Amino acid sequence: MIGDIDLKEKTIEKTMEVARTAGGAVKIAKDKLSDAINDHITNPAKEKLNEAKDKKEAQKSNGTCLPAGRDIADEQIKGPETSDKEETKKENKSKSESVIEFKNVSKIYAGNIVAVDKISLTIKPGEFISLVGPSGAGKSTLIRLLTGEEFATSGEVLVSGRDISKLLRKEFPYYRRKVGVIFQDFKLLPKKTVYENIAFALEVADVKTSEIEERVPQIIEIVGLTSRTKALSEELSGGEKQRVSIARAIVHKPKLLIADEPTGNLDPVATWEIVELLFKINNQGTIVILATHDKEVVDSLERRVITMKNGKIISDRAKGKYIL
Ligand code: ADP
């Protein structure tokens, strides 16, 4: 009898060990697969980053060194915190549903200036879109129509099926948090530290101090600035400043990140680091719209390119090029 129990216990223990080992193997395989997918998806930006770094090295030996950049190739964007399972579930659900739609949208400013002219456009979850066009084409107006800073004169801008001009006043702050925007000139608070600039975005949204203390370091790690946490933003390089502004823009886990000429003030290495960071954020399910004049960036991305001219979309290609 005792022998029987011993045998059963040993069998149970053995089975559990096999299960544990199998579980571990599955996790390792999963991690490897996810790394491989990330590597594959971020490849164009990564290749260009390496090219830019090689160029910088060459310039260094010629005595024409660019400002230092850091390698973020191995840094991981973390998904929503695992403790926050409910929110993750909700976000995954809305990820498959949310879509942006412009239906015959026009924006006409005083003086009969037609900034956006009868545009129809659909953006699906997970897309990475370059928005290009000459100055005055209507790109900024299109962006402002999406952020809710402007409303269409005619037509509808639908986000997740809702016309944003019809959102209730009390819904706007929440909507704006779900649309992150970054600009060429960073728009940081110069006398505040990296930490304070990011925390500020949470403070104005009345997020609890304990949550701010938990989330800010996580976001700083995502954008690769942990060692600069206490630096004043005015002491940062251009690339570092843009990382802070990206951190601030993603602090509310937006569904959409709009980058309006984000690399306009950056050297080639910092440019590719920022593009790679945008790619990583996009890989986590955030739609990215990149308004840019950088032909090299657009051509290397091999993603959707929307070209505007005189308020109209003159080209919309899945793996487009900069055609102006
Ligand atoms: P882009 O971002 O492609 O340079 P914009 O959207 O800024 O183009 O501008 C499109 C057109 O609308 C331009 O002719 C511009 O002068 C005009 N415009 C933009 N904003 C305003 C405004 N607030 N009031 C009047 N006209 C504007």
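Guide: Helix α5 passes helix α6 in a right-handed crossing, where right-handed means that the near helix is turned clockwise from the far one by less than a right angle, and left-handed anticlockwise. Helices (H or I, at least four residues) and strands (E, at least two) are DSSP runs, numbered from the N terminus. This is a predicted model, in which local features need pLDDT of at least 70 and side-chain atom pairs count only at pLDDT 80 or more, while totals for chains, interfaces and linings use all residues. Residues are numbered from 1 along each chain as its sequence is written.

Visitor: How many helices and strands does the chain have?

Guide: The secondary structure of the chain can be counted by element type. The count comes to 9 helices and 10 strands.

Visitor: Is α5 oblique or roughly parallel to α6?

Guide: The axes of α5 and α6 are 10 Å apart and the helices pack at an angle of about 125°, with axes being lines fitted to C-alpha atoms, for helices over the stretch in contact, and angles running from 0 to 180 degrees between N-to-C directions. Angles under 35 degrees count as roughly parallel, over 145 as roughly antiparallel, 65 to 115 as roughly perpendicular and the rest as oblique. That angle therefore makes α5 to α6 oblique.

Visitor: Which residues of α6 does α5 meet?

Guide: Contact here means that the C-beta atoms of two residues, placed from the backbone, lie within 7 Å. From α5, the residues taking part are V194, Y195, I198, A199, L202 and E203. Their partners in α6 are I212, R215, V216, I219 and I220.

Visitor: How many residues of α5 are buried?

Guide: A residue is buried if 20 or more other C-beta atoms, placed from the backbone, lie within 10 Å of its own, exposed if 12 or fewer, and partly exposed in between. Helix α5 covers residues 194-203 and is mostly covered, and its buried residues, among them Y195 and I198, pack against α6 and α7. Of its 10 residues, the number buried is 7.

Visitor: At roughly what angle do α5 and α7 cross?

Guide: In this pair V194, N197, I198 and A201 of α5 meet V244, A247 and R248 of α7. The two helices are roughly parallel to each other, and α5 passes α7 in a right-handed crossing. Their axes come within 8 Å and cross at roughly 25°.

Visitor: How is α7 oriented relative to α8?

Guide: Helix α7 (residues 238-250) and helix α8 (residues 268-283) have axes that come within 9 Å and cross at roughly 15°. That angle makes the orientation of α7 to α8 roughly parallel.

Visitor: Is N104 buried or exposed?

Guide: N104 lies in strand β1, which spans residues 100-109, and touches K118, S120 and G155, not counting residues up to four places away in sequence. Because N104 has 11 other C-beta atoms within 10 Å, this residue is exposed.
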